[in-house]
Amino acid sequence: MPQDLPARIAANLDTVRRRIDAAAAGAGRDPAEIRLLLAVKTQPVETIRAALDAGADLLGHNRAQELAATGPPLAEAGVPPHEMHFIGHLQSNKVNQVLRWATCVQSVNSVRLATRLDQAVARAGRAPLDVLVEVNTAAEATKTGADPADAVELATAVGALEHLRLRGFMTIGAHSPDPAEVRRSYDRLARLRAEILASAAPGTQGAHALSMGMSGDLEIAVAAGATMVRVGTAVFGARPYP
Ligand SMILES: *Cc1c(COP(=O)(O)O)cnc(C)c1O
């Protein structure tokens, strides 16, 4: 590990927090409403540890194997307390691995996956699991997430499951150089939240979270109402592989 890594991570974290603060101020929002999740995929445990030492308290993994590998070292004594969310494509056979280490699954994109999670939580005898419904707001073929047209129905079904707690929505957003197009995808997620909250369907009243915005576009997401931004590159630098 290069000697300056902890200092670099701390400085980058600070820069990202300032960006969030500035974006919140610009949108007339309280920056305390916006949580920063660090997307730690591909990062070695020393790097993740440096981010926690610098004050990060919420991490997201999108590969079950990496989540399981960093679980034990990050559970050791002396590691600052933090929350771990799962933010990637979740295969059915990895559900138990993810449940072991994550307190929220942000990538629920089908009734099938929701049902599997619900059953696994029940079998484990655990408290209900927080989940977000992931929506493909940009309707891009390469993205995961439920079709926006199906999102309300999916969220309603998730809300009805006994062992899951619907906390809101997540999206990756449009991958576009046009800020207006990115904004449209984030506005779409905000509208879905408004729709589900207005529905008053059982188990949906806690669906306030909007997890949206990444290193390149968090300002747009904050302006559109993000309650959580997921940042990787801006804190850790470019990844060795995607
Ligand atoms: C990697 C990742 C991010 C962070 O992306 P950056 O552009 O590196 O900030 C956010 N969300 C998800 C789901 C990711 O996989």
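A polar contact is a pair of N or O atoms within 3.5 Å; within protein, one atom must be able to donate a hydrogen and the other to accept it, and residues adjacent in sequence count only if both atoms are side-chain atoms. Such a contact, of 3.0 Å, links the side chain of Gln 106 to that of His 85. The model is predicted, so local features need pLDDT of at least 70 and side-chain atom pairs count only at pLDDT 80 or more, while totals for chains, interfaces and linings use all residues. Residues are numbered from 1 along each chain as its sequence is written, and side-chain values use heavy atoms, with hydrogens and water left out.

Gln 106 belongs to strand β4, residues 104-108. Strands (E, at least two residues) and helices (H or I, at least four) are DSSP runs, numbered from the N terminus. Gln 106 counts as buried because its relative accessibility is 0%; buried means under 20% relative accessible area, exposed over 50%, and partly exposed in between, with a 1.4 Å probe and protein chains only. Contact means heavy atoms within 4.5 Å. Apart from residues up to four places away in sequence, Gln 106 touches Leu 37, His 85, Phe 86, Ile 87, Leu 132, Val 133, Glu 134, Met 170, Ser 211, Met 228 and Arg 230. Between Gln 106 and Ala 201 there are 20 Å in space, C-alpha to C-alpha, and the two are 95 residues apart in sequence.

Strand β4 is also one of the partners of helix α6, whose buried residues pack against β4, α5 (111-124), β5 (129-134), β6 (164-170) and α7 (179-199). Those buried residues of α6 are Pro 148, Ala 151, Leu 154, Ala 155, Val 158 and Gly 159. The helix comprises 13 residues, 148-160, and at 1.5 Å a residue it should span 18 Å; its end C-alpha atoms are 19 Å apart, which agrees. The expected span is 1.5 Å times one less than the number of residues.

The loop between β5 and α6 holds Asn 136. Asn 136 is buried because its relative accessible area is 10%. Not counting residues up to four places away in sequence, Asn 136 touches Lys 143, Thr 144, Gly 145, Ala 146 and Pro 148.

Two packed helices are described by the angle between their axes and the distance between the axes. Axes are lines fitted to C-alpha atoms, for helices over the stretch in contact, and angles run from 0 to 180 degrees between N-to-C directions. The axes of α6 and α7 cross at roughly 35° and come within 10 Å. On the α6 side, the contact is made by Pro 148, Ala 151, Val 152, Ala 155 and Thr 156, and on the α7 side by Arg 188, Leu 192, Glu 195 and Ile 196. This crossing of α6 and α7 is right-handed; a crossing is right-handed if the near helix is turned clockwise from the far one by less than a right angle, and left-handed if anticlockwise.

The crossing of α2 past α3 is right-handed. Here Val 45, Ile 48 and Leu 52 of α2 meet Thr 70, Pro 73 and Leu 74 of α3.

Helix α2 also contains Thr 47, which counts as buried at 7% relative accessibility. Beyond its neighbours within four places in sequence, Thr 47 is in contact with Leu 5, Ile 9 and Phe 236. In the loop between β1 (35-39) and α2 lies Thr 42, which has a positive phi of about 70° although it is not a glycine. Thr 42 counts as buried, at 12% relative accessibility.

Ala 200, in the loop between α7 and β7 (209-211), likewise has a positive phi, near 55°, in a residue other than glycine. At 61% relative accessibility, Ala 200 counts as exposed. Asp 217, placed in the loop between β7 and α8 (218-223), counts as buried at 11% relative accessibility. Leaving aside neighbours within four places in sequence, Asp 217 is in contact with Val 182 and Tyr 186.
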